[in-house]
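Good morning, and thank you for coming. I would like to take a few minutes to walk through one model with you.

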Amino acid sequence: MKNTKVSKLMLSLLVIGGLLFTSLCTNAMQIEVEAPSSEKRETQIELPSSALFSPEQSFKDIKAEGEKLQHEREEKLRIEREKARLAEEARLAKIEAERKAKEEAERKAREEVERKRQAELQRQREIERQKQIAIQQQQAQRLAQQQAQPQKQAQSTNGVAFNGSYYTAYCPEGCTGVTATGYNVSGSIYVDGMRVIAVDPRVIPLYSIVEVSTPYETFKAIALDTGGAIKGHKVDILVANEQTASNLGRHTVYIKVLRSGK
């Protein structure tokens, strides 16, 4: 495109130069005709400075014009590229903003789901806790009722109050499972169909058959054992294991001697 524009300018300049040259030649011929041939005098024709044609100056003008056009074209391209770059950056920024907004929305949705799940778990745990409390209260009420009934029954039979506790044939101190009277109770808490108790022989003689009323039950027992801590009005009742002994604890029991031992 640049070469085409230069060619057009050169052609225009050549045409203008030809026209000027033709005009000058015509004027010179007219002057020679009008002047007498006998007079040999030199006629000087002064051309206006504007009519002079300088190829070097024309080349400079053409080059300057071409450089100007090239500069304008490059500037236009630069502006277009800059606009395209800014538009692309804006498009990418919009995409990134939409992506972040989507991720944030998804995160909040997950947090909300987790919050509801935790709230539901907490509600279920609270319901279960309330159920356990209700069960414990019911058990405590039943135990209180059971404790009240044997006490009334024991008091009505005029039994003697003892400080009752529970023990087992197996213990960490190396219990042998054999009573002080020589009975092996490691396999059963009964002897001749009766429960076994440990007593202070000075209060209840050994081999005595008694009726024992605890807060939980009333049963017949035989005094076949003793113990270093069983002194005075204390009695130890044989049970199957340490867990049962621990659960039953200590409380007042009432004992009525049915048949005195040795």
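β4 and β7 pair in the antiparallel sense, over five bridges. Strands here are DSSP runs (E, at least two residues), numbered from the N terminus, and two strands pair if DSSP finds at least two bridges between them. Please note that this is a predicted model, in which local features need pLDDT of at least 70 and side-chain atom pairs count only at pLDDT 80 or more, while totals for chains, interfaces and linings use all residues. Residues are numbered from 1 along each chain as its sequence is written, and side-chain values use heavy atoms, with hydrogens and water left out.

β4 (209–213) also runs antiparallel to β5, joined by five bridges, and a hairpin of four residues connects β4 to β5. Glu-211 stands opposite Lys-220 in β5 and opposite Lys-256 in β7. Of the five residues of β4, four are buried, that is, under 20% relative accessible area with a 1.4 Å probe, protein chains only.

Let me turn to the cores. A nonpolar core is a set of buried Ala, Val, Leu, Ile, Met, Phe, Trp, Tyr and Cys residues joined through side-chain atoms within 4.5 Å. The largest has 16 residues, and Ile-197, Ile-204, Val-210, Val-212, Val-235 and Ile-255 touch the most other members. The elements giving it two or more residues are β1, β4, β5, β6 and β7. A second, separate core of twelve residues includes Ile-189, Val-196, Ile-222 and Leu-224.

Finally, Thr-179 lies in the loop between β1 and β2. Thr-179 counts as buried because its relative accessibility is 7%.

Conventions: Buried means under 20% relative accessible area, exposed over 50%, partly exposed in between (1.4 Å probe, protein chains only).
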